[in-house]
Amino acid sequence: RVHGLEKVKESKLRQERTEVKEPKVTTKWSEAEHQRFREALTLFGPKDMKSIANHVQTRTLPQVRTHHQKWLKRVQQGKEEPVRIPVHLFPGYVGNEQETNVSQSSQGE
C-alpha cells in the first residue's frame with residue numbers, strides 16, 4: 001500500500017512541476033491613475049502608501065510602492081516634475097529642496 005501511495009504522490013508532484021503558469025499581466029499606469037497618485041501624494045504625504053493606494057483605487061499597495069520608487073527616480077533625474085508636498089511635514093522630500101522646482105503639472109510624461 002505504501003508503495004502505491006508513493007507513486008500517486010510522485011505523479012502529483014510531477015504534474016505540478018509541469019503545469020504552465022500564466023504570465024503575470026502588467027499594464028502601464030494610465031494618465032488618470034498617475035494623476036490620482038500625484039494627488040494622493042499631496043493629500044497624504046510620501047509615507048502613507050496605504051492611503052495613496054486607496055486613493056488610486058485601481059492598483060495594489062505593492063504596485064503603488066513600486067510606482068512611487070520609479071517616479072522618485074524620474075523626478076531626481078529631471079525627467080518628471082515633482083509634486084507640491086507640505087514642506088513642514090516632509091522637509092527632506094524630493095522636490096521640497098527648492099521652491100522654484102516644485103510644480104503640480106504633469107508635463108514630461
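Mentor: Start with the surface. The protein exposes about 8,400 Å², and carbon and sulfur atoms supply 52% of that area. This is a predicted model. Buried residues make up 28% of the 109 residues. The secondary structure comes to four helices and zero strands, in the pattern α-α-α-α along the sequence.

Now take helix H3, residues 49–56. The crossing of H2 past H3 is right-handed. On the H3 side, Ser51, Ile52, His55 and Val56 make the contact. H2 brings Glu33, Arg36, Phe37, Glu39, Ala40, Leu41, Leu43 and Phe44. By class, this contact has seven nonpolar, two polar and three charged residues.

Next comes H4, residues 61–76. H3 and H4 pack at an angle of about 105 degrees, with their axes 9 Å apart. The range 65 to 115 degrees counts as roughly perpendicular, so that is how H3 and H4 lie to each other. Here H3 uses Met49, Lys50, Ile52 and Ala53. They meet Leu61, Val64, Arg65 and His68 in H4. The classes are five nonpolar, one polar and two charged residues.

Look at Ile52 in H3. Ile52 is listed in the contact with H2 and also in the contact with H4.

Last, the wider view. Among contacts with a separation of 6 or more, residues 24 or more positions apart account for 46%.

Methods. Residues numbered from 1 in each chain as written. Predicted model: local features only at pLDDT ≥ 70, side-chain atom pairs only at ≥ 80, totals over all residues. Heavy atoms only, no water. Axes fitted to C-alpha atoms, helices over the stretch in contact; angles between N-to-C directions. Helix = DSSP H or I, 4+ residues; strand = E, 2+ residues; numbered from the N terminus. Left-handed = near helix turned anticlockwise from the far one by under 90°. Contact = heavy atoms within 4.5 Å. Nonpolar A, V, L, I, M, F, W, Y, C, P; charged D, E, K, R; others polar. Parallel < 35°, antiparallel > 145°, perpendicular 65-115°, else oblique. Buried < 20%, exposed > 50% of the residue type's maximum accessible area, 1.4 Å probe, protein only. Areas by Shrake-Rupley, 256 points an atom, 1.4 Å probe, with all protein chains shown as cover.
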